[in-house]
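Hi everyone, thanks for coming. Let me put today's model on the screen, and then we'll walk through it together.

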Amino acid sequence: MKKFTLIALIAIVMGIGSVAVFSYYRNLSNPKTTYVSSILAEITPDDLVKQSSGIVLGKVEKIQAIKIPSKIRANKEDIVTIATVKVEKYLANSKNLSASYIDVQVLGGTVGNETMIAEDSPTFEQGDQAIIFLNEMDASINAFTIYAGVQGKFTIQTDGSVGNDKERVYFEKVFGKDMTLRELEDKIASISSSLSN
Amino acid sequence: MQNLLSIKKLSIFVVVFTLVVVSSAFYKPTELKAYSYSGIHWSSYPVSVDTGDASVPLSWITPLAQSMATWNSQTSPFYFNVGYSGHQIKVQNSGNNGAPATAYISYDGSNHITDVDVYFNSYYSWSTSGEAGKYDVKNVATHEFGHWLMLNDLYGGGDTEKTMYGYVSTGETKKRTLETDDINGINAIYP
């Protein structure tokens with residue numbers, strides 16, 4: 001009985017090991033991964049506010065990755081992640097946007113066995129509250145792009161500060177310091193006011 | 001009794017072997033602070049760069065070649081050459097997206113690079129002479145060729161003078177010249 005138990009144990013372990021090795025080598029031959037990296041234009045807070053078609057504060061309710069024709073490379077597809085955002089307020093709204101829900105697209109995501117990793121693209125997590133500087137509307141998928149990529153979206157932390165660990169690096173580059181959401185809202189309002197004068 | 005001992009030894013060996021195989025599938029190289037490397041690399045070199053796409057202005061050919069030569073002149077055996085490999089430089093209008101240039105790098109499950117294309121965004125104004133108000137071709141190209149080596153962008157306060165610093169301004173030319181950490185990067189990845 002003991003001998004049988006040992007043999008059974010060995011068989012189970014070898015079985016698990018074989019599956020692991022098989023999966024490892026299967027992934028070697030099948031995965032399609034593209035890494036995308038952009039050099040970023042240095043921008044000022046005025047640039048960010050002026051160039052955005054709208055600035056929203058909202059909550060991410062859903063995210064989904066899809067393939068679309070690339071906006072950067074002709075005749076090729078990119079993988080983008082679409083975030084459906086429930087708008088809490090428009091902080092700047094030069095285009096008179098009024099939707100209570102908007103879709104926002106960012107480069108990167110996984111569809112099937114294809115993955116696109118965009119180093120300089122913002123990311124969304126379901127449930128996050130975020131401030132987003134909108135760029136143009138992509139009518140083909142009815143989703144906004146984000147102005148200045150990773151410099152145009154910042155998660156609002158539970159303590160009211162702007163930006164997670166990664167985002168704060170970009171935020172500090174643009175705005176010169178860390179801010180709370182309230183301070184950022186005041187800054188945006190101040191810039192918007194000076195631009196309209 | 002002897003058979004029992006042999007089975008025990010065999011079972012221990014199998015368990016250890018399985019653990020080694022499974023853990024090696026999750027191994028990732030660590031990043032170093034002076035430069036940032038993704039762990040992905042070319043399986044062979046030289047790497048041919050096709051600068052002959054119709055979208056690339058003729059005046060750009062020389063600064064693009066000079067950018068390659070900047071990386072080629074390091075002690076690493078890795079080098080670029082100009083050819084018709086399918087790894088292309090292109091110029092295309094991607095709109096006002098805050099990104100003067102973007103590199104697309106595809107790689108396989110062995111972390112070997114299979115294809116690279118770089119797109120310069122013609123929405124922005126470009127110069128080959130460091131002209132004020134325009135992005136310099138050689139400046140940006142030298143940075144982008146660093147991505148061909150899979151060096152990542154750097155964003156720290158101490159990285160502003162490095163070629164792989166992730167921000168660029170108009171009229172800037174400092175990325176044309178590699179700093180010590182940029183050089184350490186290529187020499188470490190391709191020793």
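Let's begin with confidence. Within chain A, helix 1 of chain A has the lowest confidence, with a mean of 73, while strand 9 of chain A (residues 153–155) has the highest, at 98. Those values are pLDDT, the predictor's confidence in each residue, from 0 to 100. Helices (H or I, at least four residues) and strands (E, at least two) are DSSP runs, numbered from the N terminus. For chain A, the mean pLDDT is 91, and 95% of its residues reach 70 or more.

A word on ground rules. This is a predicted model, where local features need pLDDT of at least 70 and side-chain atom pairs count only at pLDDT 80 or more, while totals for chains, interfaces and linings use all residues. Residues are numbered from 1 along each chain as its sequence is written, and chains are lettered from A and ligands numbered from 1 in the order in which they are written.

Now, how do the chains meet? In total, 44 residues of chain A are in contact with 45 residues of chain B, contact being C-beta atoms, placed from the backbone, within 7 Å. Helix 1 of chain A contributes the most to the side of chain A that touches chain B: 15 residues.

Next, the strands. Strand 1 of chain A and strand 4 of chain B (residues 101–107) run antiparallel, joined by seven bridges; strands pair if DSSP finds at least two bridges between them. Look for A:Ser37, which stands opposite B:Ala103 in strand 4 of chain B.

Definitions and conventions. Two residues are in contact if their C-beta atoms, placed from the backbone, lie within 7 Å.
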